[in-house]
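Here is a briefing on one protein model. Look over the sequence and the structure first.

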Amino acid sequence: MKENLIQVICGPGKGKTASALGRGVTALLKGKTVIMVQFLKGVLDAGASEVLKKLEPDLKVFQFERSHGLFADLPKKQQEEELINLRNGFNYAKKVMVTGECEVLVLDEVLGLVDQGIISREEFIAFLESRDEEIELVMTGRNCPPGIESYVDFISRTENTKG
């Protein structure tokens with residue numbers, strides 16, 4: 001079975017980040033290095049940061065946003081400032097992809113960058129085409145951008161229901 005997959009975890013339900021982090025922890029158990037870059041979530045609270053720091057240096061988490069709170073909920077001026085930080089985060093992910101800095105790259109809510117027009121679908125596809133095939137790529141977001149299915153090995157869709 002192919003190890004270094006491109007996996008998308010998407011859907012309106014909860015659990016996308018937890019599932020992606022689970023993929024990262026599974027990779028750690030196999031002795032792999034993992035980098036996670038989070039987008040559109042704002043700064044992590046202190047408790048979550050402390051838990052994730054315990055996984056370093058094998059799993060490193062990067063956030064480029066400086067605001068507290070979700071991007072979509074920020075005032076327009078603050079969103080404009082955060083756009084620069086989000087682009088910097090995406091550029092960092094591109095650098096990791098071409099340099100092979102890790103074995104598993106988790107891009108949490110990266111699909112939202114396409115949804116919100118922060119990066120174009122074409123730029124996102126170019127990113128996927130630049131992938132070092134030695135790197136497993138896990139991406140999350142509410143919606144899977146149309147036309148990327150041919151670049152992806154596996155798509156998981158989340159859906160929450162009340163049982």
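The notes below cover the sheet, a helix pair, one glutamate and the cysteines.

This is a predicted model, in which local features need pLDDT of at least 70, side-chain atom pairs count only at pLDDT 80 or more, and totals for chains, interfaces and linings use all residues. Residues are numbered from 1 along each chain as its sequence is written, and side-chain values use heavy atoms, with hydrogens and water left out. Helices (H or I, at least four residues) and strands (E, at least two) are DSSP runs, numbered from the N terminus.

- Six strands form an open sheet in the order 3-2-4-5-1-6, with parallel pairing. Pairing requires that DSSP finds at least two bridges between two strands.
- Strand 3 (59–63) and strand 6 (154–157) are the edges. Each has a single partner strand, so one side of each is left without a neighbour in the sheet.
- On average, neighbouring strands of this sheet are turned by 15° against each other, direction ignored.
- Strand 1 (residues 6–10) pairs with strand 6 in the parallel sense, over four bridges. Glutamine 7 has phenylalanine 154 in strand 6 as its bridge partner.

- Strand 4 spans residues 104–108, and five of its five residues are buried. Buried means under 20% relative accessible area, exposed over 50%, and partly exposed in between (1.4 Å probe, protein chains only).
- Both faces of strand 4 are covered. Val104, Val106 and Asp108 lie on one side, Leu105 and Leu107 on the other.
- Strand 2 (residues 34–38) runs parallel to strand 4 and is joined to strand 4 by five bridges. Valine 37 stands opposite leucine 107.
- Strand 5 (residues 136–141) also pairs with strand 4 in the parallel sense, here over four bridges. Valine 106 has valine 138 as its bridge partner in strand 5.

**Helix 3 against helix 5**

- Helix 3 (residues 76–99) packs on helix 5 (residues 121–129) at an angle of about 25°, with the axes 10 Å apart. That makes helix 3 roughly parallel to helix 5.
- The axes are lines fitted to C-alpha atoms, for helices over the stretch in contact, and angles run from 0 to 180 degrees between N-to-C directions. Angles under 35 degrees count as roughly parallel, over 145 as roughly antiparallel, 65 to 115 as roughly perpendicular, and the rest as oblique.
- From helix 3, Arg87, Phe90, Ala93, Lys94 and Met97 meet Glu123, Phe124 and Phe127 of helix 5.
- The residues of this contact divide into five nonpolar, no polar and three charged.

**Glutamate 82**

- Glutamate 82 lies in helix 3. This residue is buried, with a relative accessible area of 2%.
- Beyond its neighbours within four places in sequence, glutamate 82 is in contact (heavy atoms within 4.5 Å) with Phe64, Glu65, Arg66, Ser67, Phe71 and Leu74.
- Phenylalanine 71 is eleven residues from glutamate 82 in sequence, and the two are 7.7 Å apart in space, C-alpha to C-alpha.

**Cysteines**

- The structure holds zero disulfides, a disulfide being a pair of cysteine sulfur atoms within 2.5 Å.
- Cysteine 10 is in no disulfide, and the nearest cysteine sulfur, that of cysteine 144, is 5.1 Å away. Cysteine 144 is in no disulfide either.
- Cysteine 10 is buried, with a relative accessible area of 1%. Cysteine 144 counts as buried too, at 14% relative accessibility.

Note on methods:
Nonpolar A, V, L, I, M, F, W, Y, C, P; charged D, E, K, R; others polar.
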